[in-house]
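The sequence and structure come next.

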Amino acid sequence: MKNNRPVNLSMGQVLAVNLKSPVAIASILHRLSGVVVFLLIPVLLWILDKSLSSPEGFTYVKEQIFGNFLVRFIVWVFAAGLIYHFIAGLKHLLADLGVAEELQSGRTAATVSLILSAIGIIAAFIWIVL
């Protein structure tokens, strides 16, 4: 008789199983990118508010804030999260419409979304940080 009871896996076992699948990687990164974007929105809104407050505020943001490498890196992290979350969200919307619902086409769609995101994130790094 086959035992169908659930088995408790350690976190290492879960990651070992899940990190072999592009679908799992895409899903985990989609959730992580959503958290990153959510947490960095207040920082970017403060920078936007400061830059729009006055001509002096704009100059301050341009020279003092964006003159700092760490700030440009944080803005890139936000942009990277937004790029990935957007592309993965489009993949999910297409799946909701019935495109790439099967196992193999879902893996292909996840791989394509990871590749497109990587290209966009690298382009954003070159544009923002360098």
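How many helices and how many strands does the chain have? In this predicted model, the chain has five helices and zero strands, and from the N terminus on its elements run α-α-α-α-α. The radius of gyration is 20 Å, well over the 14 Å that the globule rule gives for 130 residues, so the chain is more spread out than a compact globule. The table collects values for the chain as a whole.

| Property of the chain | Value |
|---|---|
| Span of the C-alpha trace along its principal axes | about 75 × 35 × 25 Å |
| Buried residues, as a share of the 130 residues | 25% |
| Accessible surface | about 9,400 Å² |
| Share of the accessible surface belonging to carbon and sulfur atoms | 71% |

The largest nonpolar core is made up of eleven residues, among them Ile47, Val61, Ile65, Val71, Trp76 and Ile128. Helices α3 (55-65), α4 (69-96) and α5 (103-128) each supply at least two residues of this core, and its largest share, five residues, comes from α4.

Ser51 lies in helix α2 (residues 22-53). Its relative accessible area is 15%, which is under the 20% cut-off, and Ser51 therefore counts as buried. The side chain of Ser51 reaches the backbone oxygen of Leu48 at 2.9 Å, while Ser51 touches Gly57, Phe58 and Val61, not counting residues up to four places away in sequence.

Definitions and conventions:
Residues are numbered from 1 along each chain as its sequence is written. This is a predicted model: local features need pLDDT of at least 70, side-chain atom pairs count only at pLDDT 80 or more; totals for chains, interfaces and linings use all residues. Side-chain values use heavy atoms; hydrogens and water are left out. A nonpolar core is a set of buried Ala, Val, Leu, Ile, Met, Phe, Trp, Tyr and Cys residues joined through side-chain atoms within 4.5 Å. Buried means under 20% relative accessible area, exposed over 50%, partly exposed in between (1.4 Å probe, protein chains only). Helices (H or I, at least four residues) and strands (E, at least two) are DSSP runs, numbered from the N terminus. A polar contact is a pair of N or O atoms within 3.5 Å; within protein, one must be able to donate a hydrogen and the other to accept it, and residues adjacent in sequence count only if both atoms are side-chain atoms. Contact means heavy atoms within 4.5 Å. The radius of gyration is taken over C-alpha atoms; the globule rule is 2.2 Å times the number of residues to the power 0.38. Accessible areas come from the Shrake-Rupley method with a 1.4 Å probe; for residues, only the protein chains shown count as cover.
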